[in-house]
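Subject: Structure for your files

Hello,

Here is the structure I said I would pass on. My notes on it follow below.

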Protein chains: 2
Amino acid sequence: MTTDLQLPDFDDVIAAHERIAPHIHRTPVLTSEYFNKLTGAELFFKCENFQKAGAFKVRGACNAVFGLSDAQAKNGVATHSSGNHGLSLSYAAGRRGIPVSVVIPRTAPQAKKDAMRGYGATIVECEPSTSSREAVFAKVQEETGADFVHPYNDPRVIAGQGTCSRELHEQVEGLDAVIAPIGGGGMVSGTCLTLSNIAPHIEIYAAEPEQADDAYRSFKAGHIIADDAPVTVADGLKVPLKERTWHFVSKHVTDILTASEQEIIDAMFITWQRMKIVIEPSCAVPLATILKNPEVFKGKRVGVVITGGNVDLKTLPWMQS
Amino acid sequence: MTTDLQLPDFDDVIAAHERIAPHIHRTPVLTSEYFNKLTGAELFFKCENFQKAGAFKVRGACNAVFGLSDAQAKNGVATHSSGNHGLSLSYAAGRRGIPVSVVIPRTAPQAKKDAMRGYGATIVECEPSTSSREAVFAKVQEETGADFVHPYNDPRVIAGQGTCSRELHEQVEGLDAVIAPIGGGGMVSGTCLTLSNIAPHIEIYAAEPEQADDAYRSFKAGHIIADDAPVTVADGLKVPLKERTWHFVSKHVTDILTASEQEIIDAMFITWQRMKIVIEPSCAVPLATILKNPEVFKGKRVGVVITGGNVDLKTLPWMQS
């Protein structure tokens, strides 16, 4: 680990992979003749929707949880996340048998709270505002002494996410490019960390909703720009870059591409229809940008990270459009 | 092939497998820790929803189409089916480059007609009645001289479907039982044909909607009983057994189990939610019956045939319930 920003290095990815292997799936890579014809590229879908807890986030969460010493682990872990990170950290802590607290807005869906409780989490509700979340979270940490595992701006989490592209690189020969959705940048940073070490010739693209394009604008401006309460169907991608993820994104990403809400929903729909897999809106963003920018990918072998499959099956976005 | 009923034998399955291999997927087998815990059994899901044209039916259809001599093939093939068989036969004929006519009620969903046309089929509409369908189909056959490929009561089709359990048996060691949905009985007959030859100790269960339980009642009565216009969400399972499928079902099936509409919808929902795969209502019936009869399957290694994934994503059954 380098010192200034506490950034992970590739040895951390290797250590993470060994540490988390008993607790995660080596997820399969699927292909689709239909999408290859449609795009003119060869697409390889790395299916983290089949991952434990339904998303890649379990890689970073397990790396953090199983990397704790027994003394550290005794006080448990804590985070604030109403999404896949909260669920993944609950899974990891439950698996190790240590306490986990998740601070979550009282307005979050009951199903998400129930799923976290199902893994053994203590749910602590806050008001749906940043100030309330921070205050409640500080209190939880003070009372429990729990280790804070940030959803993405944490070297252990970034190293854990880096194991995904390491597998992809082993599973698919001759990749020319990899594309993943970008929110806070944990998956993209892990991808940068791994590929810049083992296959620096592979291009790395990040895909983002037009309506939450802070990473795109940051990338073009050369410094972090945070969005003010973006609204997008890709609800996993609303959060801003932080200093650790900005480091990797600014240094190694080839380009960031964006797609509209309708393009994201359309890409999600045809993925379900043609590939028969359940994917979240967030992981339809890469395919949406590939369909929008065929000239960038034509003739290339492209790894597409399907980040997760946790979606409310009773309120699908094409039902409302 | 034995003579009296023109029944396929296991050599026909082997020949079918070789014939269709270039045109189908060897589909993956998925497992789910969640469902294993829930049922007390070890379940192995053979994912024919990832099959070409989205369903196992393409096995039988390809076997029929690619088994024709060039002289026979010239006049093409024809069938009546608004479901997966029509789609699969269209795929197979399109792949061989021969004509295919599908007689389909004018009331069938436009999306299905479009999908068949997409593979090159000629759609011939009839009224939604048996008499109209038969009259229109007779006319099509007379005009084209096409070879009639029945959806299931055809030895070539049964032999083709038998390749699925042959793969499953290769992919999973030590199976104790296999369960598949039953409508006309093509998949179950193919399963009987294959397993009775290569692994006769493996139990074979068929799963059927309570509201279309003609196979169940036939099995108990010892002769074919046909339902009069059954209504079920599992729309692939409405058709009755015919003499060839009855032969295999009556001879080799261990038992037929049934599930209610709500149990089928619930099983479909949790499959989507937990396994992140898109499956049709029909292929949720086996899981529904396993959940309903845990004592039958407890402690066993059970192959579950996921027959297809062609579903209208805009009208999901849990949206209406």
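Chain B can be superposed on chain A with an RMSD of 0.0 Å, by a turn of 180° and a shift of 0.0 Å along the axis. The two copies are thus related as by a two-fold rotation axis. Please keep in mind that this is a predicted model.

The chain contact

The residue of chain B that comes closest to the rotation axis is Ile277(B), with its C-alpha at 2.2 Å. Both copies use the same surface: 100% of the contact residues of chain B recur in chain A. In numbers, 14 residues of chain B are in contact with 14 residues of chain A. On the chain B side, helix H12 (residues 261–275) of chain B gives the largest share, three residues. By residue type, the side of chain B that touches chain A has eight nonpolar, four polar and two charged residues.

Domains of chain A

Domain 1 of chain A puts 23 residues into the contact between them, and domain 2 of chain A puts in 17 residues. On the side of domain 1 of chain A that touches domain 2 of chain A, helix H1 (10–20) and helix H8 (155–171) of chain A each supply at least two residues. H8(A) gives the most to that side, with eight residues. The residues of this side of domain 1 of chain A divide into nine nonpolar, nine polar and five charged.

The sheet

In chain B, six strands form an open sheet with mixed pairing, in the order E1-E2-E10-E7-E8-E9. Its edge strands are strand E1 (29–30) and strand E9 (255–259) of chain B, each of which pairs on one side only. Strand E8 (residues 203–209) of chain B pairs with E9(B) in the parallel sense, over five bridges. Within E9(B), Asp255(B) stands opposite Tyr205(B). Helix H13 (residues 285–292) of chain B lies across strand E7 (177–181), E8, E9 and strand E10 (301–306) of chain B, and runs at about 95° to E9(B).

Strand E8 (residues 203–209) of chain A and E9(A) run parallel and are joined by five bridges. Thr258(A) in E9(A) is the bridge partner of Glu208(A). How much of strand E9 (residues 255–259) of chain A is buried? Four of its five residues are, so strand E9 of chain A is largely enclosed by the rest of the structure.

Ala115(A) is part of helix H6 (residues 110–118) of chain A. It has 19 C-beta neighbours inside 10 Å and so counts as partly exposed; a buried residue needs 20 or more. Ala115(A) and Leu87(A) are 28 residues apart in sequence, and their C-alpha atoms are 7.1 Å apart in space.

Ser196(A) lies in helix H9 (residues 186–198) of chain A. With 15 C-beta neighbours inside 10 Å, Ser196(A) also counts as partly exposed. Ser196(A) and Ile224(A) are 28 residues apart in sequence, with 22 Å between their C-alpha atoms.

Regards

Definitions and conventions. Residues numbered from 1 in each chain as written. Chains lettered and ligands numbered in written order. Predicted model: local features only at pLDDT ≥ 70, side-chain atom pairs only at ≥ 80, totals over all residues. Contact = placed C-beta atoms within 7 Å. Nonpolar A, V, L, I, M, F, W, Y, C, P; charged D, E, K, R; others polar. Buried ≥ 20, exposed ≤ 12 C-beta atoms within 10 Å, placed from the backbone. Pairing = 2+ DSSP bridges. Axes fitted to C-alpha atoms, helices over the stretch in contact; angles between N-to-C directions. Least-squares fit on C-alpha atoms with pLDDT ≥ 70 in both.
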